[in-house]
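Grab a pencil and work through a few exercises. Try each task before you read its solution.

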Amino acid sequence: MVKALRKKEVCMSFKLRNSFFFSAVYSITLLFGFAITNVAIAVEEDRKLQIHGFIAQGIIDASGSDFVNDDQDLSFELTEVGINSSYQISDNLRLAGQAVYLNGGNRYAEGARVDYALIDWSAYQSLSSQLNIYIGRYKNYHWLYSTTRDVPFARPSIVLPQSIYFDGFRDIAVGGDGIALSFKHNKEGWGDFDFNLSYGTSIISDKQRKIILSKLSTGDMEHDLDYQASIYWQPQDSQWRFGWAGLDSDFTYDMGKNDSFLDADITLQRFILNALYEGENWEFSGEAFQERFVFTGFYSPYFKQDNLGQGFFVQSRYQWKEKIRVLARYEKFFANKDDKNGSGLEESSFGTIPSYFGYQHDAVLGVSIDFTSNLRLQLEHHWVEGTARLTPVVLPNAAINDEEHWQMWAAQLMYWF
Amino acid sequence: MTPVALKIDVYKDVVINKFIILAVFLLLYSSATNAAEVQAVTHTSVEQLSLSKLELRRIFSKRVTKWPNGQPIVVFVLKSKHPLHQRFSKEVLKIFPYQLDRIWNKMTYSGVGTAPIVVPDYETLISEVKSTPGAIGYGEGITQEGGLHVIQIKE
């Protein structure tokens, strides 16, 4: 009975989400239709309409892992294209939407998607405070680089620190369908404060489900709830900015026909601390986090895994010449803080999952060259130890990923307007 | 007149001449510096006649998007590399131009807000601020009679 009710509930929520999805797509299509046919009129209308976009293509080679592709060859699967539009309906209401096409090989589902499609209500304003409420599909505004993880020129590197910005969870972590709130307050003597809250869920595609669980899963994965919050503080006259972010997210898996797996429940809770320093030539940033990953069912009705993972990265960027910026980053990630060398993982899997699936550490060097103010070439090299942030997440592929140490390099040319 | 008195007189003249030259030089130098002083300017509909550097920073970084009377603030800027934009950012807003670019890009490409309007040259900037109600921009050597409000910038 309970199960039937839950199925019904899930079904309804799926329909609701689908209906939201189609209305979002419909709205954005209308928005872009409007944008294209009315550019000239709108420009005269006090520039209420803004259109921007980006296009980026690169080459990437990960040898020793299936991070990009199974055959580990040089790949062109590094494409990111986006177009966005913002239309000011009235003094307090604005429509905004962005559509993107992404191809990152195994990293995330390839294809076009509505990145965000929202109504922005400017609910309160003064010369020291601002409250905005966003309804629709919003982006994750909580982590240091989460808002622009797919915007090539607005992120520090081509591949972001996988400990926090794990590409395998990209479609879930990138945003949600629901409501988000942003309150900016500027207090004399103290500095600038930002408070962000969001509640919403994401649609999990079949490809995303296979990335998280396994290619053998045939059921439906649902994102049931997702609460996120963050606070940022930039002290007055300081080049530093400090932040805290938290998230609580629940998922269910309903087994499909001829499924190799059973029903499952997944809970993901995460706390992040971050800091950013922006000087004239030097920039330092870092994020540290702890996340609880609770996984029940799936293999057997009695299976339960409750791990605390930990990770951090420290990063520096230096403006070497007017058009050249260099980057260095070091990152560590442990899937289970009580099993940092992964020996427990290897033991519990009877040797089928090697211990190096318990961690992933990465050292990165990179350089970006600005040919013009909106054309950039970015290059980077990664030296990686461990394979804990490869996909599929739940059932790792130990056959392909048979090396503890692997390397990756990438080059991407990006243009934006 | 004794030769000594004559010598003193000549010496006096030299000192006075040098002083005049110095005074003229200082005057010219100070007026040149004043002319180059970077200013914040608004459309004449904007009621605020003075703003602190912090308030200006909030306005240009789009943390505040309306004037206290509810009128939307329309921000006009030059390209990031323009010397006047660089000076206004660093000297008045106390923020590096690349930081402003990052804030605006984050808004533009994540849907949370809109970036300022970037104009190609100084003349366009001034004419846009003059003709757009609620507008703010920056300039140099502008007098109050120029059809704009020159904002008194407080520390």
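**Strands in chain A**

Strand β10 (residues 264-278) of chain A is joined to strand β11 (residues 282-297) of chain A by 15 bridges, and the two run antiparallel. Strands here are DSSP runs of E with at least two residues, helices are runs of H or I with at least four, and both are numbered from the N terminus. Two strands pair if DSSP finds at least two bridges between them. The model is a predicted one: local features need pLDDT of at least 70, side-chain atom pairs count only at pLDDT 80 or more, and totals for chains, interfaces and linings use all residues. Residues are numbered from 1 along each chain as its sequence is written, and chains are lettered from A, ligands numbered from 1, in the order in which they are written.

**Exercise 1.** Find what joins β10(A) to β11(A).

*Solution.* Start with a facing pair: A:Glu278 stands opposite A:Glu283 in β11(A). Then follow the chain: a hairpin of three residues makes the link.

**Exercise 2.** Work out why the buried residues of α5(B) line one face of the helix.

*Solution.* First, list the buried residues (20 or more other C-beta atoms within 10 Å of their own, C-beta atoms being placed from the backbone; exposed means 12 or fewer, partly exposed in between). In helix α5 (residues 122-131) of chain B they are B:Leu125, B:Ile126 and B:Val129. Next, look down the axis of α5(B): these residues fall within an arc of 95 degrees (taken from the directions from the helix axis to the C-beta atoms), so they line one face. Finally, check the face turned away from the buried side: it carries exposed B:Glu123 and B:Ser131.
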